[in-house]
Amino acid sequence: MADLVSWLLEPFEYAFMQRALMSLVIVSVVGSVVGTFVVHKGLAASGSGLAHATLAGVAIAFVNGVSIALGALVAAVASGVGIGYVRSNSRVSYDTAIAIFYVSAFSLGILIISRRSSYTPDLISFVFGDILGVSRADLVGELILAVVVVGFVLAFYREMVMVAYDPAMAAAAGVRAWFFEYALLVLIALAVVVALQAIGIVLVSAMLIIPPATASLLARRIPQIIAISFVLSVGASILGLYASFHADVAASPAIVLGSTLAFAVTLAATSRRGARLPVGAAE
């Protein structure tokens, strides 16, 4: 028993592991709140698209010696607003608009990086994640963005839910549906930036999508889905950190694969008892 306790506690005796866990808890909160709306609206591709679009901002910020996180934030928000504008002012679908911004911004980022002859570990950490390298300053930045995201959702929860279920009905009820459609894209962008340092551009959409998708197999209402998603996300994060520390594997993909395993198990269990429960309106 003593050996088991020591095995469980040993990783978190180190400050960098404690910071990693705190960062992942913040990512789990934001991912669960925003991801639930993303999954319900069928905007899963937006998370991946905005994550990849940040590479342009990251690369430009790096080359000019300014904050990489700020560059990622500006690129993500600008891409989110751009996607919303193209979708609202043309016959182009969300998927097509996302693809246009995704490939264009990602290609611009690669072009800028290709001009750098020196090795750029800071950029690599944003592409593949460096959860064990999270600093106190990173935590503060993540926490500020998390407060903004969660605070907005709490302040406009009723409107967000109405627009999520039926934008036309919401507009008829006097809700500015167009504003909240844009707001969701911006919230996705902020959620992506919160998770960038933790798990990187390549894997960020997985943490935004997989836990809420898993939770939607188990619950009907949005608050329930958010709560279950948070528990699943934190659980996968802890398992990933243990795998990283004790098995010497990369933490970010281990966390994502833990989430994928939870989804597979939940899908198998719910498939036996019938079809997925339909998501119903939140109270």
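Leaving aside neighbours within four places in sequence, isoleucine 188 is in contact with Val34, Val38, Leu43, Ser46, Gly47, Leu50 and Leu208, where contact means heavy atoms within 4.5 Å. The model is a predicted one, in which local features need pLDDT of at least 70 and side-chain atom pairs count only at pLDDT 80 or more, while totals for chains, interfaces and linings use all residues. Residues are numbered from 1 along each chain as its sequence is written, and side-chain values use heavy atoms, with hydrogens and water left out.

Helices are DSSP runs of H or I with at least four residues, numbered from the N terminus.

The buried residues of helix 7 are Leu139, Glu142, Leu145, Ala146, Val149, Phe152 and Val153. Because they cover an arc of only 165° around the axis, they lie on the same side of helix 7, the arc being that of the directions from the helix axis to the C-beta atoms. On the other side of helix 7, Arg136, Ala137, Ile144, Val147, Leu154 and Ala155 are exposed.

Turning to helix 11 (residues 222–247), its 26 residues should span 38 Å at 1.5 Å a residue, and the end C-alpha atoms are 36 Å apart, which agrees. Among its buried residues are Ile222, Ser233, Gly240 and Tyr242. Just after helix 11 comes aspartate 248, with a positive phi of about 55° although this residue is not a glycine. Aspartate 248 lies in the loop between helix 11 and helix 12 and, at 70% relative accessibility, counts as exposed. In helix 12 (residues 251–273) lies threonine 266, which counts as buried at 11% relative accessibility. Apart from neighbours within four places in sequence, threonine 266 is in contact with Thr214, Leu217 and Leu218.

Aromatic rings complete the picture. Rings of Phe, Tyr and Trp (its six-membered ring) pair if their centres lie within 6.5 Å, with planes under 30 degrees apart counted as stacked, over 60 as edge-to-face and the rest as tilted. By this rule the count comes to twelve aromatic pairs. One of them is edge-to-face and joins phenylalanine 12 to tyrosine 242, at 5.6 Å centre to centre and 85° between the planes. This pair links distant parts of the chain, 230 residues apart: phenylalanine 12 is in the loop between helix 1 (2–9) and helix 2 (15–41), and tyrosine 242 is in helix 11. Tyrosine 242 counts as buried at 14% relative accessibility. Tryptophan 178 and phenylalanine 179 form an edge-to-face pair, 6.1 Å centre to centre with 85° between the planes. Tryptophan 178 is exposed at 56% relative accessibility, whereas phenylalanine 179 is partly exposed at 27%.

Key: Helices (H or I, at least four residues) and strands (E, at least two) are DSSP runs, numbered from the N terminus. The expected span of a helix is 1.5 Å times one less than its number of residues. Buried means under 20% relative accessible area, exposed over 50%, partly exposed in between (1.4 Å probe, protein chains only).
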